[in-house]
Amino acid sequence: MATIRSGLILAVVVLLAAGVAGAQQSVVVQGALCRGDEPFWQLEASRTTAVFNRLATKGNREVIFRGAPQALMFLAPAAVVWRGESTHLPKDTLVVTMREESCRSTVADAPPLPWRALLSLKTGEVLTGCCTVLAGYDVKVAPVADFAKKAVDDWSRPLPELLPAINQCLASADARAKWVAKAGPAGNGMVAVRMIQISDKAVDCEVDMAGKGVAKIAAVSALDPPLLGAGNPLYYPVREMAPMIRCGRLERIVGRNGVTTGYLHYDPC
């Protein structure tokens, strides 16, 4: 009997472990931020676009490239290659090879970055620099949010009905929001939206449910008590750079046409 009981306990443990493993979301390289010295240059790359800038160069202008990164994490040390073609004519080809090793600027007294870069734009020219590789959950395969199954105390449960108001708040010139921490009805057909700006300051927005009125933005005082339920989940609108999430749970919000319209991030770290 004890043997059977032990076997059942072991089976439950195995099933629970399998469930946890299945709940894990895959992490992929989303882009990189690189810079180099002598000559000075800077690169901001996402999964689809890279912006290259030769700093302190007369007549300098940004060059935009369309391409993608390829991660080689099985190597020791790991490597990432970003390759793309410029959007102007005549076209240039950008190839950046990043290797995971400590990299320090040759002119600035700053902490080292974790990746070393070799960048090539044309034959006979190779630039060197240091990078931070950005990685996060693969948003393309994140599970789709099921609002009907959300808990009653989850502020995002009525999100589909709140989106017109939320989008109007996000579009306001005074918003400059990174994400939405909470939204909900405010009475009289109005919606209240708590947003966190790129400066990390909180602002409140109020607009009608249909999102057709003028959004009123007001700063939140640091002395105000925390807003109950705010911050879990966070709502991210769709932007060129996908949210860089490596903890908690990321869900996609999909519209009726099957297009992703935003993301929910639970248990942010």
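**A salt bridge to start with**

Select Asp146: with 35% relative accessibility, this residue counts as partly exposed. (Buried means under 20% relative accessible area, exposed over 50%, and partly exposed in between, using a 1.4 Å probe and protein chains only.) Before you go on, know that this is a predicted model, where local features need pLDDT of at least 70, side-chain atom pairs count only at pLDDT 80 or more, and totals for chains, interfaces and linings use all residues. Residues are numbered from 1 along each chain as its sequence is written, and side-chain values use heavy atoms, with hydrogens and water left out.

The term means a side-chain nitrogen of Lys or Arg within 4 Å of a carboxyl oxygen of Asp or Glu. Lys149 counts as exposed, at 70% relative accessibility.

Next, show Lys150 and Phe147. The charged end of Lys150 sits over the ring of Phe147, 5.9 Å from its centre. To count, NZ of Lys or CZ of Arg must be within 6 Å of the ring centre and within 35 degrees of the ring normal.

Select residues 126–137, which make up strand β8. Helices (H or I, at least four residues) and strands (E, at least two) are DSSP runs, numbered from the N terminus. Is β8 mostly covered or mostly open? Mostly covered: nine of its 12 residues are buried.

Colour residues 27–36, strand β1, which runs antiparallel to β8 and is joined to it by eight bridges. Two strands pair if DSSP finds at least two bridges between them. Zoom in on Val28, and you'll find Gly136 as its bridge partner in β8.

Then pick strand β7 (residues 113–120), which pairs with β8 in the antiparallel sense over six bridges. Here Trp115 stands opposite Cys131 in β8. Follow the chain from β7 to β8 and you trace a hairpin with five residues between the strands. Stop at Gly124 in the turn, which has a positive phi of about 90°.

Which residue does Glu125 meet in a salt bridge? Show Arg54: the two side chains meet at 3.1 Å, N to O. Arg54 lies in strand β3 and Glu125 in the loop between β7 and β8, so the pair ties together parts that are 71 residues apart in sequence. Glu125 is buried, at 17%, while Arg54 is partly exposed, at 25%.

**Two aromatic pairs**

The structure holds two aromatic pairs. Rings of Phe, Tyr and Trp (its six-membered ring) pair if their centres lie within 6.5 Å; planes under 30 degrees apart count as stacked, over 60 as edge-to-face, and the rest as tilted.

Trp41 sits in strand β2 and Phe52 in strand β3, 11 residues apart. Trp41 is buried at 1% relative accessibility, and Phe52 is buried at 2%.

Move on to Trp179 and Tyr236, an edge-to-face pair with centres 5.8 Å apart and 65° between the planes. Trp179 is in strand β9 and Tyr236 in strand β13, 57 residues apart.

**Last stop**

Finish with Asp200 and Lys178, which form a salt bridge with their closest N and O atoms 2.4 Å apart. Asp200 is exposed at 54%, whereas Lys178 is partly exposed at 23%.
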